[in-house]
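Let's take a walk through this fold together. Keep the sequence and the 3D view open side by side, and follow along as we go.

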Amino acid sequence: MGSGGGVGEETDMTAPLHFITFEGGEGGGKSTQVGLLRSRLEGEGFEVVLTREPGGSERGEKIREFILSGQGKPYGAFAEAVLFSAARIDHLRETIIPALQRGAIVICDRFADSTRAYQGILGEIEPEVISALERAAIGENRPTLTIILDIPPEIGLARANARREGVGGAVDRFEGEDMEFHRNLRRAFLDIAKQEPERCRVIAADRAPEIVAQEIWQVVSKWLSPKEGESGKDRKQGSQYG
Ligand code: T5A
């Protein structure tokens, strides 16, 4: 553990890691698709740990509640970025790193790209500052594949609203931002994909769930195939989240 307080020095990066993250704006279908992908991978005999951010560990979930209820907003965007990072440090240590170390596939619904996009845009925080925070919090524990579900914000927010009306919930901290914010957010995720094309795949999410799932499966199965010999069928099934 380094003196910086992050978790960058704790993982054996020589082992092959299967760390998949899902990113994108509101209502793109991440929760739907991570569930479908988990089922498909488990059906293939992989052990899968499905988790989410903010949250994914006991302390991470407490920070989630604080931020998404809006209690973090008065502290400002940079403080929120720090809070997301604090939750991420615990999440990595308690959930993600142990799962990766035992050879499970970790699927995480949002991760550090969300801090880059949401806090970077909302708070107009300098990209260098966000990068420094990211390095301190996650070190080398980066996802090896990121699926960005791309959707026009009008459609994504309409889906999120319809779901909320169905369950009688309240608008959360970021859904309540204006349309300009959500358009900038979409651009920010697409920019991340351009900057890191080896890691990121953009998938159009304004289509039927089974079509989106099929395209995701094509990406994931291709990504896994070179490692199939050493990884697939003999892994135990199981999941500790969701
Ligand atoms: N955040 C997070 C930051 O600001 N910084 C950070 O560092 C991190 C990690 C998390 C919030 O925190 C912010 C981002 C977020 O605002 P959340 O409650 O976890 O909040 O919400 P989101 O991650 O935004 O996810 P949502 O629940 O809003 O949407 P999903 O998961 O993308 O979509 P899903 O699958 O729940 O689907 C939404 C609705 O659409 C339907 C579903 O049935 C559901 O009703 N649907 C479809 N309908 C038609 N066609 C399809 N293809 C559909 N797929 C799903």
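**A stop at the proline loop**

Start at Pro54, which sits in the loop between S2 and helix H2 (58-68); helices (H or I, at least four residues) and strands (E, at least two) are DSSP runs, numbered from the N terminus. The peptide bond joining Glu53 and Pro54 is cis, with omega at about -10 degrees. Before going further, two bits of housekeeping. Residue numbers start from 1 along each chain as its sequence is written. What you're looking at is a predicted model: local features need pLDDT of at least 70, side-chain atom pairs count only at pLDDT 80 or more, and totals for chains, interfaces and linings use all residues.

Now zoom out. The protein chain has nine helices and five strands, and read from the N terminus the elements go β-α-β-α-α-β-α-α-β-α-α-β-α-α. Of its 242 residues, 39% are buried, where buried is 20 or more other C-beta atoms within 10 Å of a residue's own, exposed is 12 or fewer, and partly exposed is anything in between, with C-beta atoms placed from the backbone. Take the contacts between residues at least 6 apart in sequence: 83% of them join residues at least 24 apart. A contact here is two C-beta atoms, placed from the backbone, within 7 Å.

Next, the sheet. Five strands make up an open sheet in the order S2-S3-S1-S4-S5, with parallel pairing; two strands pair if DSSP finds at least two bridges between them. Strand S2 (48-52) and strand S5 (200-204) are at the edges with a single partner strand each, so one side of each has no neighbour in the sheet. On average, neighbouring strands are turned by 20 degrees against each other, direction ignored. For angles like this, axes are lines fitted to C-alpha atoms (for helices over the stretch in contact), and the angles run from 0 to 180 degrees between N-to-C directions.

Helix H7 (residues 179-195) packs on this sheet, where it touches strand S1 (19-23), strand S4 (145-150) and S5. The direction of H7 makes about 145 degrees with that of S4. H8 lies across S4 and S5 and runs at about 160 degrees to S5.

Follow the chain out of S3 and you reach Arg110, in the loop between S3 and H4. Arg110 isn't a glycine, yet its phi is positive at about 75 degrees. With 24 C-beta neighbours inside 10 Å, Arg110 counts as buried.

Then comes H4. Nine of its eleven residues are buried, so this helix is largely enclosed by the rest of the structure. Among those buried residues are Asp113, Arg116, Tyr118 and Gln119. The buried residues of H4 pack against S1, helix H3 (77-101), helix H5 (127-138), S4 and H7. Just after H4 you'll find Glu124, with a positive phi of about 50 degrees. Is Glu124 buried or exposed? Glu124 is exposed, with 9 other C-beta atoms within 10 Å.

Finally, turn to the ligand. It has 24 residues around it, with Gly29, Ser31, Tyr118, Arg163 and Phe174 the closest; a residue is near a molecule if its C-beta atom, placed from the backbone, lies within 6 Å of it. Helix H1 (30-43), helix H4 (112-122), helix H6 (153-167) and helix H8 (209-224) each contribute at least two residues to that shell. Which helix gives the most? That's H4, with four residues.
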